[in-house]
Each structure stands twice: as C-alpha cells, then as structure tokens.
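Reader: I would like a close look at one part of this model. Please go through it slowly and give the cut-offs for the terms you use.

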Amino acid sequence: MHAANKKYMKIGIIVAMDKELRQLQSLFTDGNVRVEKCGIGKVNAALGAQRIINEFHPDCIISSGCAGGNGEGINIQDVVVSSELTYHDVYCGTAIDSTTAYGQVQGLPVRYQADPMLLQKARELSALTSLNIHTGLIVTGDWFVDSKEKMRSIVDKFPDACAVDMESCAIAQTCYINKVPFISFRVVSDMPLHDTDASQYHNFWDTVAEHSFQVTKTFVESLI
C-alpha cells in the first residue's frame, strides 16, 4: 500500500488532563480509537505512552492537548502540529560527548521527527477545517510557562519553537524507542510572551477549547 493511502486500524490518543480527556472522549466512540490521560509532565507522559503501547498496541499515537504558542502568525485557538520535537529543559553537558546538543538526551536524537505520513495528513487538514494549522517545532519541559520571562528563556534557546508544552517530547521519545509512529497536535491556549498572569490560558477553557479539539477528530477520521 502506498504510504499516502495507508490506514491505521488502531489509534492511541494521549492527553494530560481531565478537561482534555473529557473534550476528546466525547468525540470518539470507536473501539479502535483509545483516548487516555497520562497526567502532567514528562515522566507521566512517558509512562502513559508506554502503557498504551503495551496494552493497546496502536498503529500510531497522537499527543493531543493545549500548549503555549510562539511565533509570527500564531494565535490562540490555532493548532500546532509537530514536525519535530525536543526538550527545552534537558542538558547533558559536553564532558563525555562534545556533540550532544542542548535539549538532547545523550545517545538519542537531537530532535524527534514526526512520522512523515502522519505529518503529510496533518498538512492536508487546512482544507478540511476552519482553524489555522501550523507545522513546526514543539518543545517540552517540566515548567508551566506562566510568565514572559520563562517563555523568553525558552525562546532564546529555541527561537524556531512554535509551541511549548509539558508532555509531547516525552511521548515522542517513548514512541521512538518502541518504533511507533507519532505526531503531536497542540491547540494554542495562550501566548506567554503577550500575557502577564496566565489569564489567556484560563479564558481558553471557558471559551474556545471544545471547538478547537474538533481538529483532532477530523485528523483521526482521515487516518481510518
């Protein structure tokens, strides 16, 4: 079967929080799509990814949820799809290996690449939804970015980052090790460089979250 026509019979979707779980579980009733909550942060994300791989044996995994946005043309309620992923809070130093980059776990990729076919399908979504979809770098770390200062410290090292979250790269690493195709969809809930007290994030859940997560449903329907 040509890659562009490949079908995924079992799809795992991982979210971090109950409110994300409620939004997405209501959209999927097919037994071939499993939505699970992993909890917040990198360790919870990796454990959740390994659990769904061991128990469900998915053909691919999608990380879905919200993220802080960054970059020209990116706004609240836009969707950022990972073309690649790395950590913004990992540094292994150069004492043992002078080639290890900031954000890289030693011995693993500098950046995890999204599955090419999933990325191609994601790029085709613009014709199927009214939401703005961007593909680019997602960076992950164990920070809730609630200030301009925190965001600036991340963007200084990763100026090409389109979104910042707390789970996606850990799921990508787990999928890489297990050889499971992976991609991350993140709805932009706030723009930390333009927000002083995380009010955008809290307003997001009151106003636009439900509509935004429909794009994940549209994407999954294009795969099965």
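Which residues in α2 meet which residues in α5?

Author: This is a predicted model, in which local features need pLDDT of at least 70 and side-chain atom pairs count only at pLDDT 80 or more, while totals for chains, interfaces and linings use all residues. Residues are numbered from 1 along each chain as its sequence is written, and side-chain values use heavy atoms, with hydrogens and water left out.

On the α2 side, the residues are Lys42, Ala45, Ala46, Ala49, Gln50 and Ile53, and they meet Ala170, Ile171, Thr174, Cys175 and Asn178 of α5. Contact here means heavy atoms within 4.5 Å. The residues of this contact divide into 7 nonpolar, 3 polar and 1 charged. In this count, Ala, Val, Leu, Ile, Met, Phe, Trp, Tyr, Cys and Pro are nonpolar, Asp, Glu, Lys and Arg are charged, and the others, Gly among them, are polar.

Two packed helices are described by the angle between their axes and the distance between the axes. Helix α2 spans residues 42-56 and helix α5 residues 168-178; their axes come within 8 Å and cross at roughly 35°. An axis is a line fitted to C-alpha atoms over the stretch in contact, and angles run from 0 to 180 degrees between N-to-C directions. Helices are DSSP runs (H or I, at least four residues), and strands are too (E, at least two), numbered from the N terminus. The crossing of α2 and α5 is right-handed, meaning that the near helix is turned clockwise from the far one by less than a right angle.

Glu36 lies in strand β2, residues 33-37, and among the residues it touches are Arg51, Ile52 and Glu55, leaving aside residues up to four places away in sequence. Glu36 is buried, because its relative accessible area is 16% (buried is under 20%, exposed over 50%, partly exposed in between, with a 1.4 Å probe and protein chains only).
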